[in-house]
Amino acid sequence: MTDLVLTEKNNQVLTVRINRLDRKNALTHAMYTALGDALEDAHADGDIRCVLFTGSDDCFTAGNDLSDFAQGLPGSFEETPVGRFLFLLATATKPVVAAVNGPAVGIGTTMLLHCDMVFAGNNTRFQMPFANLGLCPEGGSSLLLPSWIGRVRAAELLMLGGAFTADDAYRLGIINRVCEPEATEATALESCHKLAAQAPAAIRVTKELLNRPTLEQLKDTMLAEGKLFGERLKSREAAEAFKAFMEKRKPDFSKFD
Ligand code: COA
């Protein structure tokens, strides 16, 4: 159990709140376990019809805890807490919605690719800085992003790893709406309650059909990404990037070939 992930059930909606603000909601192994448990509970609880992932008005998540990353993955990717969480999210049968503000870094962006609807505050800074950290894409992003937004735009976001705004994300078609930050959660909740009031089996079948064309390829991609990600975590490039983050400087990749 961790109080860094809070859950609250209200009118058939399970709100899952990332709550580690002093670390910009960076996600530890224990927090991924809690996020995965929340998805399993939602699946098992017949009274829950929709899951909402959120953080605060000014922070969704700064992504994986970089000190955890520096230790490498404890086991093969799909068995790690992050791998378990991502697989549960990608195969969730009930609708999943996200309300995002502030930093949505790394998995904070890639997990949104598995949500059915995403609402973002105009203060959101999306970023997938995997290559910047000597790492590689994860969470199925190397499959889903190019097919949704186009190969060259996906390459720019994944290779240069720059931040982009909620307006950019809206233009790219990866979020539903841009909100005032203090209204993001309420706006997302409104859609959650609408989803919860819909015919539940019809929603499940609709979700299944939306996921079906890419599901097998997605699982295969997530396994391949996970294996490479685990290898990259042990690389000298990643070690330099993590050290640079701790020392609050830019990484120097000039010595690597
Ligand atoms: N892992 C571990 N600690 C993190 C973290 C992370 N991913 N992100 C932020 N923190 C810590 C910072 O080290 C800082 O700790 P300190 O107070 O002891 O110095 C604290 O959280 C606050 O972060 P700070 O960087 O001061 O906040 P900011 O508002 O200036 O910047 C971010 C926010 C998200 C832009 C910045 O923290 C960042 O780039 N974080 C790393 C993101 C990242 O690379 N994630 C991995 C993706 S794969």
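Predicted model: local features only at pLDDT ≥ 70, side-chain atom pairs only at ≥ 80, totals over all residues.
**View 1. Surroundings of the ligand.** The ligand is surrounded by 17 residues, and the closest are Arg23, Ala62, Asn64, Leu66 and Lys248. Ala62 places a backbone N or O atom 2.8 Å from a nitrogen atom of the ligand. A polar backbone atom of Leu66 is likewise found 2.8 Å from a nitrogen atom of the ligand. Of the 860 Å² of accessible area that the ligand has on its own, the protein covers 65%.

**View 2. Arg20 in the loop between strand E2 and helix H1.** Arg20 belongs to the loop that links strand E2 (13-18) and H1. With a relative accessible area of 14%, Arg20 is buried, because the limit for a buried residue is under 20%. A polar atom of the Arg20 side chain lies 3.0 Å from the backbone oxygen of Ala26. Beyond its neighbours within four places in sequence, Arg20 is in contact with Leu4, Asn25, Ala26, Thr28, Met31 and Asp65.

**View 3. The nonpolar cores.** The largest nonpolar core contains 63 residues. The residues with the most contacts inside this core are Leu35, Phe53, Phe85, Val100, Leu112, Phe126 and Leu135. Helix H1 (residues 29-44) contributes the largest share of the core, seven residues. A second, separate core has twelve residues, among them Cys179, Cys192, Ala196 and Ile203. Val100, one of the residues with the most contacts inside the largest core, touches Phe60, Leu112, Val118, Phe119, Ala120, Gly121, Thr124, Phe126 and Thr184 when residues up to four places away in sequence are not counted.

**View 4. Cysteines without disulfides.** Zero disulfides are found in a search of the whole structure. The closest cysteine sulfur to that of Cys115 is in Cys50, 9.9 Å away, and this is too far for a bond, because a disulfide requires sulfur atoms within 2.5 Å. Cys115 counts as buried, at 10% relative accessibility. Cys179 is also in no disulfide, and the nearest cysteine sulfur, that of Cys192, is 12 Å away. The relative accessible area of Cys179 is 6%, so this residue is buried.

**View 5. Helix H5 and its packing.** Helix H5 comprises residues 141-149. Ser141, Leu143, Leu144, Leu145 and Ile149 are buried in H5.

Gly150 follows H5 and has a positive phi, near 100 degrees.

View 6. Pro137 is located in the loop between strand E7 (125-127) and helix H5. At 22% relative accessibility, Pro137 counts as partly exposed, because this class lies between the limits of 20% and 50%. Apart from its neighbours within four places in sequence, Pro137 is in contact with Phe130, Ser142, Leu158, Glu225 and Phe229. Pro137 and Val96 are separated by 41 residues in sequence, and their C-alpha atoms are 22 Å apart in space.

Methods
Residues numbered from 1 in each chain as written. Heavy atoms only, no water. Core = buried A, V, L, I, M, F, W, Y, C linked by side-chain atoms within 4.5 Å. Buried < 20%, exposed > 50% of the residue type's maximum accessible area, 1.4 Å probe, protein only. Helix = DSSP H or I, 4+ residues; strand = E, 2+ residues; numbered from the N terminus. Contact = heavy atoms within 4.5 Å. Near = heavy atom within 4 Å. Polar contact = N/O pair within 3.5 Å; in protein donor to acceptor, adjacent residues only side chain to side chain. Areas by Shrake-Rupley, 256 points an atom, 1.4 Å probe, with all protein chains shown as cover.
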